[in-house]
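Q: I would like to go through this structure step by step. Could you begin with the term needed for discussing which residues touch?

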Amino acid sequence: LLLAAEYQAVVRRVAADTATPIADAATAFASQGDAGLFGPYDLVHPTPAGARLIAQTVYETLREIGAL
């Protein structure tokens with residue numbers, strides 16, 4: 001989890017430095033708690049519910065920046 005946190009920090013810094021919007025799936029996942037969004041084997045591969053959350057996050061971000 002430490003590596004994931006470091007990765008997310010770098011992504012946020014680069015996005016801020018380049019004025020690039022982020023579809024922040026990490027925050028979306030964190031806001032859901034333990035809602036069965038990942039499979040039983042790891043925290044990398046989402047379940048169908050997790051994939052829907054990612055898609056919804058991307059969709060909302062695209063709408064917010066006027067890309068849809």
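A: Contact means that heavy atoms lie within 4.5 Å. By that rule, and leaving aside residues up to four places away in sequence, phenylalanine 38 touches Phe29, Leu43, Val44, His45, Pro46 and Thr47.

Q: What kind of model is this, and how are residues numbered?
A: This is a predicted model, in which local features need pLDDT of at least 70 and side-chain atom pairs count only at pLDDT 80 or more, while totals for chains, interfaces and linings use all residues. Residues are numbered from 1 along each chain as its sequence is written, and side-chain values use heavy atoms, with hydrogens and water left out.

Q: How many helices and strands does the protein chain have?
A: The protein chain has three helices and zero strands, in the order α-α-α from the N terminus. Helices (H or I, at least four residues) and strands (E, at least two) are DSSP runs, numbered from the N terminus.

Q: What box do the C-alpha atoms fill?
A: Along the principal axes, the box is roughly 35 × 30 × 15 Å.

Q: What percentage of the residues count as buried?
A: Of the 68 residues of the protein chain, 15% are buried. Buried means under 20% relative accessible area, exposed over 50%, and partly exposed in between (1.4 Å probe, protein chains only).

Q: Back to phenylalanine 38: where does it lie?
A: Phenylalanine 38 lies in the loop between H2 and H3. Its relative accessible area is 26%, so it is partly exposed.

Q: Which residues does threonine 57 touch?
A: Not counting residues up to four places away in sequence, threonine 57 touches Ala23, Asp24, Ala25 and Ala28. Threonine 57 is placed in helix H3.

Q: Why is threonine 57 called buried?
A: Because its relative accessible area is 10%.

Q: How far apart are the C-alpha atoms of phenylalanine 38 and threonine 57?
A: They are separated by 16 Å, with the two residues 19 apart along the chain.

Q: And threonine 61, is it buried or exposed?
A: Threonine 61 is buried, with a relative accessible area of 12%. This residue also lies in helix H3, and, with residues up to four places away in sequence again left out, it touches Pro21, Ile22 and Ala23.

Q: Changing topic, what is the volume of the largest pocket?
A: The volume is about 700 Å³. Among the 19 lining residues, Ala4, Gln8, Ala26, Phe29 and Phe38 are the closest to the centre of the pocket. Helix H1 (2-18) and helix H2 (25-32) are the elements giving two or more residues to the lining, and H1 gives the most, with six.

Q: How is a pocket defined here?
A: On a 1 Å grid over the protein atoms alone, a pocket is an open set of points where a 1.4 Å probe fits, with protein on both sides within 12 Å along at least five of seven lines; lining residues have an atom within 4 Å of a point. Grid points are joined across faces, edges and corners, and the volume is the space filled by probe spheres set on the points.

Q: What is the phi of alanine 19?
A: Alanine 19 has a positive phi of about 55°, although it is not a glycine. Most residues other than glycine have a negative phi. Alanine 19 is in the loop between H1 and H2 and counts as exposed, at 69% relative accessibility.

Q: Where is alanine 51 placed?
A: Alanine 51 is in helix H3 (residues 48-64). It is partly exposed, with a relative accessible area of 38%. The C-alpha atoms of alanine 51 and alanine 19 are separated by 26 Å.
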